[in-house]
Every structure is written in structure tokens, then in C-alpha cells.
2 protein chains.
Amino acid sequence: MPREISAFSNPLVKRIQSLRQKRHRREEGLFLAEGLRILTEARENGRIPEYLFFSKEGASHPLVRTLVFDVEDSGGQAIQTNAEILSKLSGKDNPQAVVGVFTEFPSALSVLDRTSADIWLVAERLRDPGNLGTILRTGDAVGAGALILIGESVDPFSVEAVRASMGALFTVPVVQAEWSDFLPWLRSGPGQLVGLSLDTDTDYRAAKYTSPAFLLTGNEAQGMPAEYAAECDMLVKIPMLGKADSLNAAVATAVMAYEVLAQHRG
Amino acid sequence: MPREISAFSNPLVKRIQSLRQKRHRREEGLFLAEGLRILTEARENGRIPEYLFFSKEGASHPLVRTLVFDVEDSGGQAIQTNAEILSKLSGKDNPQAVVGVFTEFPSALSVLDRTSADIWLVAERLRDPGNLGTILRTGDAVGAGALILIGESVDPFSVEAVRASMGALFTVPVVQAEWSDFLPWLRSGPGQLVGLSLDTDTDYRAAKYTSPAFLLTGNEAQGMPAEYAAECDMLVKIPMLGKADSLNAAVATAVMAYEVLAQHRG
């Protein structure tokens, strides 16, 4: 039976709201995801929230009822609350009907099976949570084995990244690793490391990709360090005809990934 | 000679800050752009701000000096100020060194020369300013003739859209039009209307694009209305192997645009 919370001063509400900050997420090992679409995606991938907040209006929706049942069935707490509290939890004026609190599920290089996918996405010092979420969606769409985040990256469990991923956080494994760990792991088995770069004459469409291909994109502002580029089996560039700045990092990743997908599919 | 403003209560500061709201932008016909990179891009494309705010520290940068000179030379105002005011103007804790205030420059279908480019981007009810800016960057990169916004769209002159465009707002013309005006204009000359859709079997790589190609992407959440799809010369789909939601709208636009570019370049 769902409990009801209507006071913003409630300690659980304050605690959950604090998960909007990275420090608290790390302390608690929990993160926030909002919206029926994302929570349903999570459920279909076997992730049930520890806490589920929903409004009285939301409670009539069959998908919300299913979520409430699953949360209680798995020992979590379903909490009926009001629009004001949902708004505080999600940080949006126009709150989603549901907010879920999940246990973080970071992955590790050691558990990845590189034979399980043709494409693996690798992003170096990714800074923008929207880009991270968008790259996860692309990863889902091209059937990527994982998104591997190299170096100091934006938190994949941040509210903005989860939101931008539209649920792909629950379908594509995310690994955080240092370059010094990633490189030996990569070289311990098959894998073509392809770096996206401006310092090459190889057009991304002319290059030949093998499987598994690890597609490395550098930091949004600086690109990747020269020593990382030097380790790549191949550098490729995407032509840019324009006058302004280079492509958005998530866009460049997707353009490259779709070329690799097309080649793999023949 | 630049004037100096250090009080946040200064009426000009309050007026400029109000440009963060769409209503004030429309009233004044002005918008905000921030950062040396974007302002330099603007300058190289012949757009000089009406007002230029910069910090004392910023004043020593040669590019800032060039901007100050150009602004004063063209009858605008260069204003030295402090980090706090720059922060209020840009809405960022860590403000950029410069904030510019530009006259809006909306374009119109009637001034577009469809023979001037092979690719034209058309977005229907685009809602996310980050997507709009990202699509403009892609437009710049593929040499698009313009971005045509159909129906009720996010404001291309919003702070977030300008920021995400990384300067491409100044290099790619943006037109806002109703579908009922766009379609007769399109049909008054050559042009292949290509709609990105999930309701087709035509893979975007198997399709044959002609020039000029008008690439239509629908609303982020709903896609395009059936009556718009019915007017397309061709519908194409991007394969999605995954379990989560479809691709981000800006990513899908880019994947399609780069395929068209590759075909046009042979």
C-alpha cells in the first residue's frame, strides 16, 4: 500500500532531492530518473526503483499502477505525493507524473564481452550531460556494446544525462575507466580503435571498419590528446564544409557510428 | 572609449538581462550571444554587436580589443563591467569573458536561393533549444542553405539555442514559416522533400537524393503529422537496433544530412 507524503519538510523528500547533487549520489549509491517513458524503459530492462514518487492524478495511469505494483513487490517504497514535491524532486516547473530513485549500476571493463557487439562507443572527458545522454541513445540505436567514458567525465547518473538518454541509460552499459586501464584491456583482445580527428586525411566513409570497432571521440572543446590519437589503429575525419565550429560531439559520434553500422551490415 | 558599468541596478544592465526572455527579445529585436568564440564567429560573418560587455581581465585579450574597436567603429557601445554583471547577463556562474547584444536577423523564404545549396534542413515544431543549436552546427558543417523552422518552434535567438549553435547561428540562415507557406514556396521550384520517418521501409542509405534536397525532421516527441509526410517526395528511415527510444532529433537530422552530403559528393 503506497504511503503518502505531502510535506516538503519530510526527511525522505529532502534526502531524495539531494540526489540532484553528485556528492550525494555517490554517498547513497542512488540516482533519480523521471517520467513514465524512462521508468517504463527501465522496468522493461529489469530495473525497478527503490522509491517511486507519483501524483494522485498519475495513479490512475495503468503504467504507473504497474510500476507501483513492481516497486512494492520488490521491496521498494511507492509514495503518493503532490505536484509541488514532484516538481522539487525533478527540478522542473512542469513535473513528470513519476519520479523514480534507482540504485546506481556502474559497469566495469572486466565484465564486458567484446564479442557481443560490433560497435563500442568510447568518449574521452565528455563534459556535457546532454551529449552523454544523446550518445547513449545513439549507442542503443546502433546496438553498441557499451559506452566507455575515459578520464574525468560528466556523471552518467546526473539528472540531465539520465533525462537526455530517454531511457538508454538502462539499455546500454556505461563504464568509467582511466586511459591507462582502458588501453591494456583493449589490447588484450581483438578490437579496432578508431579515433575521430581533424588531423587526418582519411575520410570516415573511405575507411574500412572491422569488428569489434571501438569508436573514440575526444573532449567537446579540445578533442583528444595526441598520445591517445597515436594509439589509435586508424584516425578518421568527418568532412566539414562550413565556417563555424566543428560538429557537436554527440552528432559526430553518431555520424561515425552509423557509417560503421552500415559497413557491418554490408 | 568604452564606458564602465559596475552597478547591477544600472538600467541598461537590467534591460539587457531581460533579453533572456523571449517577450523582451521580440519587443527589442535584440538577442544575447556570449563567449569570445561565438562573437568572433559573428564578426567574421559581418555581425557586430550593438552592445558589447567585457570584463577588465577580458580587455587585455587581442580578440576582445578587436571586438571593442569594431563595436565602437560601427556606432555600438562597448561597456567594461565586472564578473558579477557578466554572470547575471549570461545566466552562468562561470561567465564568459564577453557578452554581445545583437540585432535579430530573421530570414524569409522569399530571399532564399534554392540553387545556392544542395542541402536544406527543415525542422517541424522543434522544441529543444539545444537541438536547434546543434542542428545549426550540422547545417554549417554540411553546407546547408538554411534551417527552415516549421510551425511553433523554440526561438532560435534564445540564449540556449545561440550557445548550442557555437556560432552557426551567424553562418546558417534561419527562416520561420508555416507549413501552409512553406509547401507552396517549395513547389514553386525544384526541390526534393525528404521526410525522416519510422513509417517506411526505405532505408536512408538506399534512397537516392537529388539536389536541392529538403530534409524534413518532425517534432522530438511526436514526429511529423501524417499530412506532412504525405506531401514528401520520399520518406526514409534510419535503422534502430535498440530497445530504447528513437534517436535524438538533432542526431537523426545529422545522420541523414551526412548521407545526402556523401551522395552529392559522389
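Is B:Met166 buried or exposed? B:Met166 is buried, with 23 other C-beta atoms within 10 Å. For the cut-offs, buried means 20 or more other C-beta atoms within 10 Å of the residue's own, exposed means 12 or fewer, partly exposed is in between, and the C-beta atoms are placed from the backbone.

Some bookkeeping before the rest. This is a predicted model, in which local features need pLDDT of at least 70 and side-chain atom pairs count only at pLDDT 80 or more, while totals for chains, interfaces and linings use all residues. Residues are numbered from 1 along each chain as its sequence is written, and chains are lettered from A and ligands numbered from 1 in the order in which they are written.

Back to that methionine. B:Met166 sits in the loop between helix H7 (159-165) and strand E8 (174-177) of chain B. Helices (H or I, at least four residues) and strands (E, at least two) are DSSP runs, numbered from the N terminus. B:Met166 is not a glycine, yet its phi is positive, about 50°. In chain A, A:Met166 has a phi near 50° and lies in the loop between helix H7 (159-165) and E8. A:Met166 is buried too, with 24 other C-beta atoms within 10 Å.

Next, the peptide bonds. Most residues other than glycine have a negative phi, and most peptide bonds are trans. The bond from A:Ser211 to A:Pro212 is cis, with omega near -5°, and A:Pro212 is in the loop between E9 and E10 of chain A. The bond from B:Ser211 to B:Pro212 is likewise cis, with omega near -5°.

Now the sheets, beginning with chain A. Six of its strands make an open sheet with parallel pairing, in the order E8-E7-E6-E10-E9-E11. Two strands pair if DSSP finds at least two bridges between them. Strand E8 (174-177) and strand E11 (234-236) of chain A are at the edges with a single partner strand each, so one side of each has no neighbour in the sheet. On average, neighbouring strands here are turned by 25° against each other, direction ignored. Axes are lines fitted to C-alpha atoms, for helices over the stretch in contact, and angles run from 0 to 180 degrees between N-to-C directions.

Inside that sheet, strand E9 (residues 192-196) and strand E10 (residues 213-217) of chain A run parallel and are joined by four bridges. A:Gln192 stands opposite A:Ala213 in E10(A). Helix H8 (residues 179-187) of chain A packs on the sheet, touching strand E7 (147-150), E8, E9 and E10, and its direction makes about 135° with that of E7(A). Contact means that the C-beta atoms of two residues, placed from the backbone, lie within 7 Å. Helix H10 (residues 249-264) of chain A also packs on the sheet, touching strand E6 (119-124), E9, E10 and E11, at about 160° to E10(A).

Chain B gives us another sheet to look at. This open sheet of five strands has mixed pairing and the order E1-E4-E3-E5-E2. E1 and strand E2 (30-34) of chain B are its edges, each with a single partner strand, so one side of each is left without a neighbour in the sheet. Strand E3 (residues 51-55) of chain B is joined to E4(B) by five bridges, and the two run parallel. Among the bridge partners in E4(B), B:Leu52 has B:Ala78. From E3(B) the chain crosses through helix H4 (residues 62-73) to E4(B), a right-handed β-α-β crossover. Right-handed here means that, with the strands pointing away from the viewer, the path from the first strand over the helix to the second runs clockwise.

Last, how the two chains relate. A rotation of 180° with 0.0 Å of shift along its axis superposes chain A on chain B, with RMSD 0.0 Å. That is the relation of a two-fold axis. The superposition is by least squares on the C-alpha atoms of residues with pLDDT of at least 70 in both copies.

At the interface, 30 residues of chain A are in contact with 30 residues of chain B. On the chain A side, helix H3 (36-44), helix H6 (129-142) and H10 are the elements that give two or more residues, and H6(A) gives the most, with seven. Of the interface residues of chain A, 100% are also interface residues in chain B, so the copies meet through the same surface.
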